[in-house]
Amino acid sequence: MDTTQQPLEARDLPYDAFAKACPSRGTLEHVTGRWGGLTLGALYEGSLRFNELRRRVDGVSEKMLSQTLQALERDGLVHREAQPTNPPRVDYELTPLGREVAERLLGLIHFVEGRMDDVLAARERYDVTRGAR
């Protein structure tokens with residue numbers, strides 16, 4: 001059986017994201033946060049410059065994108081390449097590890113997008129039963 005298919009108890013992993021002090025929690029947060037997941041998904045399409053990436057990830061501020069890219073670069077998921085040109089050119093691309101993570105995230109993103117009618121219907125039912133608008 002593939003270890004990714006095994007129950008959590010059966011896995012023999014050195015890290016446990018459910019444990020408070022586990023360093024994997026930080027990376028999990030970077031990957032699954034709103035901007036991290038979308039940034040990884042956008043970079044899966046190919047190398048992008050900062051402003052191209054900012055346009056692709058609609059709604060992210062310059063500051064948040066910069067912080068997100070730094071965190072993902074530190075985690076080894078994104079590679080930043082600065083070209084010594086005038087003006088300077090900086091390109092961002094996924095590392096092999098980042099590409100693997102992005103593939104898994106995109107599966108989840110596409111699944112959620114495909115089930116949004118169900119989600120919206122559930123929200124409507126919830127709001128009606130709770131008297132919200």
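Student: Does Leu 40 count as buried or exposed?
Tutor: This is a predicted model, in which local features need pLDDT of at least 70 and side-chain atom pairs count only at pLDDT 80 or more, whereas totals for chains, interfaces and linings use all residues. Residues are numbered from 1 along each chain as its sequence is written, and side-chain values use heavy atoms, with hydrogens and water left out. Buried means under 20% relative accessible area, exposed over 50% and partly exposed in between (1.4 Å probe, protein chains only). Because its relative accessibility is 0%, Leu 40 counts as buried.

Student: In which helix is the place of Leu 40?
Tutor: Helices (H or I, at least four residues) and strands (E, at least two) are DSSP runs, numbered from the N terminus. The protein chain has 6 helices and 3 strands, in the pattern α-α-β-α-α-β-β-α-α along the sequence. Leu 40 belongs to helix α2.

Student: How many residues of helix α2 are buried?
Tutor: Helix α2 covers residues 34–44. Its buried residues are Trp 35, Gly 36, Gly 37, Thr 39, Leu 40, Gly 41, Ala 42 and Leu 43. Helix α2 is thus mostly covered, and the count of buried residues among its 11 is 8.

Student: How many residues does α2 give to the largest nonpolar core?
Tutor: A nonpolar core is a set of buried Ala, Val, Leu, Ile, Met, Phe, Trp, Tyr and Cys residues joined through side-chain atoms within 4.5 Å. The largest one has 20 residues, of which Leu 40, Leu 43, Leu 53, Leu 69, Val 78 and Tyr 92 touch the most other members. At least two residues of this core come from each of α2, α3 (50–56), α4, β3 (89–94) and α5. The most come from α2, whose share is 4.

Student: How far apart in space are Leu 40 and Leu 94, C-alpha to C-alpha?
Tutor: Contact means heavy atoms within 4.5 Å. Not counting residues up to four places away in sequence, Leu 40 touches Val 31, Leu 72, Leu 77, Val 78, Leu 94, Val 101, Ala 102 and Leu 105. Leu 40 and Leu 94 are 54 residues apart in sequence, while their C-alpha separation in space is 7.4 Å.

Student: With which residues is Thr 68 in contact, leaving aside its neighbours within four places in sequence?
Tutor: Thr 68 lies in helix α4 (residues 62–74). Its relative accessible area is 10%, so Thr 68 is buried. Beyond those neighbours, its contacts are Trp 35, Gly 36 and Thr 39.

Student: Which strands stand at the edges of the sheet?
Tutor: The 3 strands form an open, antiparallel sheet in the order β1-β3-β2, where two strands pair if DSSP finds at least two bridges between them. The link between β2 and β3 consists of 6 bridges. Two strands each have a single partner, so one side of each is left without a neighbour in the sheet: β1 (48–49) and β2.

Student: Which residue does a cis peptide bond join to Asn 86?
Tutor: Most residues other than glycine have a negative phi, and most peptide bonds are trans. The bond in question has an omega of about 0°.
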